[in-house]
Amino acid sequence: MRRRLPWILLGVSLAVMAAGLLLGEYQNVLEKAVTVCLDCIGIG
């Protein structure tokens with residue numbers, strides 16, 4: 001069981017990442033990242 005746990009977690013992680021990409025969540029994350037970076041340097 002201990003040897004399978006990392007592979008199970010990797011599979012779940014990849015499935016969640018694929019679901020996020022298919023739902024377009026990366027666009028929201030990118031917009032927030034740009035906003036945070038502009039806030040950090042004092043422009044935004």
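C37 is partly exposed, because its relative accessible area of 48% falls between the 20% and 50% cut-offs. C37 is in no disulfide. The nearest cysteine sulfur belongs to C40, 5.9 Å away. A disulfide needs two cysteine sulfur atoms within 2.5 Å. C40 is likewise in no disulfide, with the sulfur of C37 as its nearest cysteine sulfur, at 5.9 Å. C40 counts as exposed, at 62% relative accessibility. The disulfide count is zero.

This is a predicted model.

### The chain as a whole

The protein chain has two helices and zero strands. Its C-alpha atoms fill a box of roughly 50 × 20 × 5 Å, taken along the principal axes. How much of the chain is buried? Buried residues make up 5% of the 44 residues. The chain exposes about 4,300 Å². Carbon and sulfur atoms supply 70% of that area.

Helix α1 covers residues 5-23, and L5 is found in it. L5 also belongs to a nonpolar surface patch, together with I8, L9, V12 and V16. The accessible area of these residues together is about 450 Å².

### Helix α2 and what follows

Helix α2 spans residues 25-41, and D39 lies in it. The helix has 17 residues. From its first C-alpha to its last, α2 reaches 25 Å, close to the 24 Å expected at 1.5 Å a residue. After α2 comes G42, whose phi is positive, near 90°.

D39 is partly exposed, with a relative accessible area of 45%. Where does D39 sit relative to V16? The two residues are 23 apart in sequence and 29 Å apart in space, C-alpha to C-alpha. V16 is one of the residues in the nonpolar patch.

### Exposure by residue

| Residue | Relative accessible area | Class |
|---|---|---|
| C37 | 48% | partly exposed |
| D39 | 45% | partly exposed |
| C40 | 62% | exposed |

C40 counts as exposed because its 62% is over the 50% cut-off. D39 is partly exposed because its 45% lies between the two limits.

Notes:
Residues are numbered from 1 along each chain as its sequence is written. This is a predicted model: local features need pLDDT of at least 70, side-chain atom pairs count only at pLDDT 80 or more; totals for chains, interfaces and linings use all residues. Side-chain values use heavy atoms; hydrogens and water are left out. Patches are made of residues with over 30% relative accessible area and no salt bridge: like charges are joined within 9 Å, nonpolar side chains (Val, Leu, Ile, Met, Phe, Trp, Tyr) within 5 Å. Accessible areas come from the Shrake-Rupley method with a 1.4 Å probe; for residues, only the protein chains shown count as cover. A salt bridge is a side-chain nitrogen of Lys or Arg within 4 Å of a carboxyl oxygen of Asp or Glu. Helices (H or I, at least four residues) and strands (E, at least two) are DSSP runs, numbered from the N terminus. Buried means under 20% relative accessible area, exposed over 50%, partly exposed in between (1.4 Å probe, protein chains only). The expected span of a helix is 1.5 Å times one less than its number of residues.
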